[in-house]
Amino acid sequence: MTLLIAALLVVADQATKLWAVAALELGDPGVTVVPGALYLTYVRNTGAAFGMLRGVDLTVGPLHVDGTFLLGVLSAVVAVWLTVHLTRHARDHGVWARAALTLVLAGAVGNMIDRFRLGYVIDMVNVRIGWVDFPVFNLADACISVGAVLLIATTLFGGEGQREARSGT
């Protein structure tokens, strides 16, 4: 079930990105969804989540790998590891930890597809409230962020689902 949910989230992520490319002009201020707070703005991100690590390049001898490809490979490694882990050990985790890992998997795959297919990631959600101008992001970034917070919370605070899974009850 976790892999099905991850696949549905990847489809939703890719669909929103296709919509953004078709409906929004690259670099324009975008569409106001909630005045003074939420906008839809199409940008191309060559960095990691929220534009971090943009412009990273790695040169080892004659081999030169740009940051976008490197992040795509990292996303692929994470996605393969999470798929194998969830396939083998999903029942060992509580519901919240499974949800967290599923979200991270979906986000990694959604952005990996863009990096390998396009050489950049399509972002479109722009939150600007007062002096806070949050980096533009997409559904895959949101999945990774929410999944990471959930994973940290379940690790720090545990939960009934995790205790039940560990004890076999």
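This is a predicted model: local features need pLDDT of at least 70, side-chain atom pairs count only at pLDDT 80 or more; totals for chains, interfaces and linings use all residues.
Residues are numbered from 1 along each chain as its sequence is written, and side-chain values use heavy atoms, without hydrogens and water.

α3 spans residues 95-118 and α4 residues 139-157. Helices here are DSSP runs (H or I) of at least four residues, strands (E) of at least two, numbered from the N terminus. The axes of α3 and α4 lie 7 Å apart, at an angle of about 155 degrees. The two helices are therefore roughly antiparallel (over 145 degrees). Axes are lines fitted to C-alpha atoms, for helices over the stretch in contact, and angles run from 0 to 180 degrees between N-to-C directions.

Now the sheet. Four strands form an open sheet, ordered β1-β2-β5-β6, with antiparallel pairing. β1 (31-34) and β6 (132-133) are the edges: each has a single partner strand, so one side of each lacks a neighbour in the sheet. Strands pair if DSSP finds at least two bridges between them; β1 and β2 have three. α1 packs on the sheet and touches β2 and β5 (contact: heavy atoms within 4.5 Å).

Lys17 lies in α1, residues 2-23. Is Lys17 buried or exposed? Lys17 is buried, at 1% relative accessible area (buried is under 20%, exposed over 50%, partly exposed in between; 1.4 Å probe, protein chains only). Beyond four places in sequence, Lys17 touches residues including Asp114, Val121 and Asn138.

Terms used. Angles under 35 degrees count as roughly parallel, over 145 as roughly antiparallel, 65 to 115 as roughly perpendicular and the rest as oblique.
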